[in-house]
Structures are given as C-alpha cells and as structure tokens.
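Subject: Structure for you to look at

Dear colleague,

I am handing over the structure that I promised, and below it you will find some notes on what turned up. Please read them with the model open beside you.

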Amino acid sequence: MKKYFLMLTLPLISSAVMAQDPAAVKPGASTTPATTTSSATATTPAATTTIAITANSTPVELARAALAAQGGDKFKNVKSTILIGTVDLYAPSSTQSIPGKFVIVTSGERLRMEIDARPILSFKQIYDGQQSYSSLPGVEVPPATKFGPPALAKFDQPGYTVSAVPDAAVLSEKKKLRKFRIVDPEGNTTDFYIDPATARIMAYVIPYKDLMFSTENTKMKEIDGVLVPFNFTQRLNMQQGAFFAEFKVKEAKLNQPVGDDVFVIK
C-alpha cells in the first residue's frame, strides 16, 4: 500500500511517469476545458489567450502564450493558493479506487499537501522553501514549486532556458498539442503540452530522481483572472505498473493569508 504514496508526491502542479511508452495520463480522460462555476467559490469562464499560436511559433512564443492563458501578471503575482477536494487512488491494472480527501496549500515557494484516505493511508508532504519532508520515510519528493506552472511563471528570468521538447520525449498521445521545455538555473526540467487554440496547459511532464512524473488537466476554471485546474490526474509508472491519482477540487482560494506555521517541518 505504501506505493500509493509515490504517485501523490506532487500537488496540482505534477505528475505521470513514462517508464515505458509515454501514453496519456489515464485512458479515456477528457482534455476539454470546463467553463462551469464552482459550488464553493464563484468563478467565471476562463478566457482564451490573446497571443496567437501558429505553426511557426517558437518555444519562447509558446511559453509566452501559455503564461498569458494562465493569467499573465495576475498568475505571476499570486501570493498563495488553497485547494480542497477529493482524490481517488488506483493501483496498477485496478478499476477499484481508494477514495480520500486532500488539501494543498502554497505560499510563495512553500507548499503543504495532505492526503487523508484513512483507515488505509494518510500522507503529508511539506516544502518549506529549502527542504522537503514526506511522511513516508525513505521517499524523497520533488520540491513542487520548482516545476510545472511555477516554472512557467519564471521562464523569462535570468538562468531559465526555453527550448523544444526532444522527439524522444514527446508523449505519444499528445503529439497534436504544442510543446516546449523549461529548464531552471538548477537544471530542473518541465515539458509543457498546451492546446494550440487556447494555449492552456493540458499536460506537463517532470523528470526527477530517475523517475518521470506527469499531470493531465481535465477541467480548469478562472478565479480572479487566474486559470486554476479543478480536475487533474497524476500518473507514475513503475516496475509494478502505472499508479494513478485523480484529484477533484471542491474549493479553491487565491491570495488568502497563510500562517508560517503551516509549512513548519516537525
């Protein structure tokens, strides 16, 4: 059962692994962006990007378009996020899920994620801006704020590079999406796959410690001008097979005060 923890090590911003053929995050998952409103937090339909994507768009131009679709400066200036919802966990080749609840809190570079699927499992991940903690001993988790959308928010800063995704790394079922790679000054890499019509991030892939995590966004909503994923699936391929986690956000808040004690590693 501990293997379930491995696919939960990245929050709204992470994960599905391609140890073998890099297929879609989960068979049959829809990539149609949702425009419905949240029952817990008022939202409005997300607008499409104002930056046009063409067949000749460069990786840097694709990154600019994706950033604009996320909310541009409003996205870059988000101080904190709080996501609360439910999660279904799947073992390899299993159609029976383990249901649970999750809370994800970010503030600047800091992150806290908790999964409660008791009595079967309970999991906690904290990144305090310098070091990571996992409640599963011996499992080193990626510093989530250095990958995915947080990397996109910084792509134009010194030390970041934007390039094409090598053909060998392209997700086999995402070839129709436009793609680009961002590498930060420390060498952390994220491959982004965006909708050519809206520039929304439909999937992203993160290599870390000889593993490959990836996330597919299946429903997104706009909150205060910022695009937020409300349904997303994470996948991790291991020798035992593919592990899945399907997240559904029930409540999302941006720029709320978050105490420093939330990110204390004890």
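Which residue forms a salt bridge with K154, and how far apart are the closest N and O atoms? The partner is E109, and the closest N and O atoms of the two are 2.6 Å apart. Please keep in mind, here and below, that this is a predicted model.

As background, side chains of opposite charge can pair when their charged atoms come close. K154 counts as buried because its relative accessible area is 17%, which falls under the 20% cut-off. E109, with a relative accessibility of 33%, is partly exposed.

One is formed by the side chains of D116 and R118, with 2.8 Å from N to O. Within this pair, D116 is partly exposed at a relative accessible area of 31%, whereas R118 is exposed at 61% relative accessibility.

The other salt bridge joins the side chains of E186 and K146, with 3.5 Å from N to O. This pair links distant parts of the chain, since E186 belongs to the loop between β7 (178-183) and β8 (189-194) and K146 to the loop between β5 (132-134) and α4, 40 residues apart. E186 is exposed, with 58% relative accessibility, and K146 is partly exposed, with a relative accessible area of 21%.

The largest pocket has a volume of about 560 Å³. It is lined by 27 residues, and those closest to its centre are F75, V78, T81, T106 and P150. Which elements give two or more residues to this lining? They are α3 (73-76), β1 (80-90), β2, α4, β10 (211-223) and β11 (226-238), and β11 gives the most, with four residues. When the lining of the largest pocket is sorted by class, there are 14 nonpolar, nine polar and four charged residues.

When you go through the model yourself, you could begin with K154 and E109, and then move on to the residues closest to the centre of the largest pocket, F75 and P150 among them.

With best wishes

Terms used
Residues are numbered from 1 along each chain as its sequence is written. This is a predicted model: local features need pLDDT of at least 70, side-chain atom pairs count only at pLDDT 80 or more; totals for chains, interfaces and linings use all residues. Side-chain values use heavy atoms; hydrogens and water are left out. A salt bridge is a side-chain nitrogen of Lys or Arg within 4 Å of a carboxyl oxygen of Asp or Glu. Buried means under 20% relative accessible area, exposed over 50%, partly exposed in between (1.4 Å probe, protein chains only). On a 1 Å grid over the protein atoms alone, a cavity is a set of points where a 1.4 Å probe fits but cannot get out, and a pocket is an open set with protein on both sides within 12 Å along at least five of seven lines; lining residues have an atom within 4 Å of a point. Grid points are joined across faces, edges and corners, and a volume is the space filled by probe spheres set on the points. Ala, Val, Leu, Ile, Met, Phe, Trp, Tyr, Cys and Pro count as nonpolar, Asp, Glu, Lys and Arg as charged, and the others, Gly among them, as polar.
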